Amino acid sequence: MELLKRTVAQKKHTERVLQFGEGNFLRGFVDWMFDRLNKENDGDYGVAVVMPLSNPTMDKFINDQDGLYDLYLRGLLNGQRIEEKRVIECVTRCIDPYARTDEFFECAANPDLRFIVSNTTEAGIEYKPGDDGKSFNNTTFPGRLTMFLKKRFDLNLPGFILFPCELIDRNGDELKKCVLKYAEDFGYGSDFIRWVNEENHFTNTLVDRIVTGYPKDDAEKMCEEYGYIDNVIDTAEIFHLWVIEGDKKLAAEIPFTDIGLNVLWTDDVTPYKKRKVRILNGAHTMMVPAARLAGLESVGEAMNDELIYSFMHKGVYEEIIPTLDLPKDELIKFADDVTERFRNPFIKHLLLSITLNSVSKFKVRDLPSLLEYIDKFGKEPPCLVFSLAALIAFYKGDEANDDIAVMEFMKNASVEEILSKNEYWDSDLSFLLPSVRKYLADIEENGIRNAMKAIVK
């Protein structure tokens, strides 16, 4: 079989997007969206991919296939099992800027270039003082971006709309702060700083899609079915959501919503971030220790277990959703989508992997809902409080995976000592002692399942 290659009919699109990141997520999320714009809205969005880290193998794979690759979307949609395959054709080339630095900077001279997308991991957006801007290889992603923007400025060309997809709070604001600090360190001058502020739009974004990446167990069979070799197959779930905080006038330049994509432009991304953390992440953290204590292995098994599912459902719909500020119908729709995503038969999400650092996760994901529920209704939310007891019971066992000091404390400390540990919870939870002690005793004496039945009755 030969490699996947462009045909005469598959012409490369005009490069309007510079993308920092060649990984599975951006190829299964952002590039899929641009590909749909091209095919369904007569768009002309070509994506030049820049590698944040040098990876000669991936560089070669993408370029040898003319930027083409297959994306498989697999999951449940309105209860129906969906499998959808498409060839993504919007990627024009992959640039290793460490090996071809000049090629990277030449992109700044392209007058058609308008959008910059990035996903350089949570650690990618960082500022390191002392950088003089003279070494491309030894600076951070924001440092390299600053150098790139200076090239653009010197050519008297328009600025960009930037969409950082890194999973940190207010990612656009943080990226802009780094760029402005580097601009000062590099001595680029006040005119450049003014241009960065006035001619470029750093949006804050929230991205949501599980991208499972290269299907190593199925790739050979897939290629046999295609009749060609694809070394960079990507796979993802059906669900997608991109929330963008920025001037809504900019949305017209990339009309994702015109083709029905789940992209939302807003004045404030905060409530959507809160919704995701509290409902999606919170449901995981609330459910997983109890499900693991019940002997289950994966999220899918937990969702097919009537008792565990009922516990999670009650916790989300009756305790978490009432504490959130968005319209109730939006929250219920999101929770329904989360439930369907958890049931995805194509994704085996192991419970033990989710239990990593569960103490800090509970503090961020579930404790705010618990405390706000008490403040709003004047009573304790039983599922959330029970989940804290189940968390303690889980750490008393041998499967917890956390900082060594955290595991030792949780395993050996009394319930009173755990709840009063301000360092873990940023507050004293001793007022929950009667309920947590009661639930924990029930778990230890009667087993997790019998204890849960009293909660979901």
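**Exercise 1. Is Asn78 buried or exposed, and what is its relative accessibility?**

Solution. Begin with the basis of the values: this is a predicted model, in which local features need pLDDT of at least 70 and side-chain atom pairs count only at pLDDT 80 or more, while totals for chains, interfaces and linings use all residues. Residues are numbered from 1 along each chain as its sequence is written, and side-chain values use heavy atoms, with hydrogens and water left out.

Next, take the cut-offs: buried means under 20% relative accessible area, exposed means over 50%, and partly exposed lies in between, with a 1.4 Å probe and protein chains only. Asn78 has 68% relative accessibility and therefore counts as exposed. To place the residue, look at the loop between strand S3 (69-77) and strand S4 (80-88), where Asn78 lies; helices (H or I, at least four residues) and strands (E, at least two) are DSSP runs, numbered from the N terminus. Finally, the backbone of Asn78 has a phi near 55°, a positive value in a residue other than glycine.

**Exercise 2. Describe Asp426 by its place, its phi and its accessibility.**

Solution. Asp426 is found in the loop between helix H19 (422-425) and helix H20 (433-446). Its phi is near 60°, which is a positive value in a residue other than glycine. With 59% relative accessibility, Asp426 counts as exposed.

**Exercise 3. Describe the make-up and the overall dimensions of the chain.**

Solution. First, the secondary structure comes to 21 helices and twelve strands. The radius of gyration is 24 Å, close to the 23 Å that the globule rule gives for 457 residues, so the chain is as compact as a globular protein of that length; here the radius is taken over C-alpha atoms, and the rule is 2.2 Å times the number of residues to the power 0.38. Along the principal axes, the C-alpha atoms fill a box of roughly 70 × 55 × 40 Å. As for cover, buried residues make up 55% of the 457 residues.

**Exercise 4. Determine which residues of helix H11 are buried, and what covers them.**

Solution. Helix H11 (residues 306-320) has 15 residues and reaches 20 Å from its first C-alpha to its last, close to the 21 Å expected at 1.5 Å a residue, where the expected span is 1.5 Å times one less than the number of residues. The buried residues of H11 are Leu307, Ile308, Phe311, Met312, Lys314, Gly315, Val316, Tyr317, Glu319 and Ile320. What covers them includes helix H9 (270-293), helix H12 (328-342) and helix H16 (382-396), with contact meaning heavy atoms within 4.5 Å.

**Exercise 5. Examine helix H2 and the residue with positive phi that follows.**

Solution. Helix H2 (residues 30-40) is mostly covered, since nine of its eleven residues are buried. Among them are Trp32, Met33 and Phe34, as well as the charged-type residues Asp31, Asp35 and Arg36. After H2 comes Asp42, whose phi is positive, near 55°.
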